[in-house]
Amino acid sequence: QEESVSLAIKNLPVTEESVVADIGAGSGYYTFRIAPKVPKGKIYAVEIQDPAIDYLKSKSKELGYSNVEAIKGSATSPNLPANSVDLVIMVDVYHELEYPKEMLQSIRKSLKPDGKVLLIEYRGEDAWIPIKPLHKMTVDQAKKELEANGFKFIENGKFMKIQHFLIFGKED
């Protein structure tokens, strides 16, 4: 509730045909909440660990989601098809990336021309949020890093209590 997951899902810039990539999907917490919103589309659940990939595959089958595909990513690439994704979502993941520049370049290639990147990160501007500063980001920091890698800032959804909802598009 504190993380406003249902609000985040409700505000995703997707249609029922959208192709979404959940990078750093983990146990699929967001993946399996997004899947019903894109019944005619697809959701790539990207993880770098084999046990997570296996779990995502079995959970997807168990829940009956034929539109979820687990993808084995790496530290530098989500290994997504080029020009195929409408929305890349990273929930508390971007700040953890080992090679953010390489990852962003690879993500950029996977996005359709009007594709977007959504970062959901704990607000670094707010000291009262009980998360270590290492695991937070400010809007300025996110803008600086993504704009340096070919993205333009589109929106800061200010509806989540302790996290940013930052949307970026591809710079022409």
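Fold, surface and aromatic pairs of a predicted model

Q: In what order do the elements of the protein chain run from the N terminus on?
A: This is a predicted model. The protein chain holds 5 helices and 8 strands. From the N terminus on, these elements follow the order α-β-α-β-α-β-β-α-β-β-α-β-β.

Q: Why does the protein chain count as being as compact as a globular protein of its length?
A: For 172 residues the globule rule gives 16 Å. The protein chain comes close to that value, so it is as compact as a globular protein of that length, and its radius of gyration is 15 Å.

Q: What share of the residues of the protein chain count as buried?
A: A residue is buried when its relative accessible area is under 20%. Among the 172 residues of the protein chain, the share that counts as buried is 50%.

Q: Which kind of aromatic pair do Tyr29 and Tyr30 form?
A: The search of the whole structure gives 4 aromatic pairs. In the pair of Tyr29 and Tyr30, the centres are 6.2 Å apart and the planes make an angle of 65°. Planes over 60 degrees apart count as edge-to-face, so the pair of Tyr29 and Tyr30 is edge-to-face.

Q: Is Phe165, the partner of Phe159 in a tilted pair, buried or exposed?
A: The rings of Phe159 and Phe165 lie 4.7 Å centre to centre, with 55° between the planes. Phe159 is partly exposed because its relative accessible area is 25%. Phe165 has a relative accessibility of 1%, and therefore counts as buried.

Notes. Residues numbered from 1 in each chain as written. Predicted model: local features only at pLDDT ≥ 70, side-chain atom pairs only at ≥ 80, totals over all residues. Heavy atoms only, no water. Helix = DSSP H or I, 4+ residues; strand = E, 2+ residues; numbered from the N terminus. Rg over C-alpha atoms; globule rule 2.2 N^0.38 Å. Buried < 20%, exposed > 50% of the residue type's maximum accessible area, 1.4 Å probe, protein only. Phe/Tyr/Trp six-rings, centres within 6.5 Å; stacked < 30°, edge-to-face > 60°.
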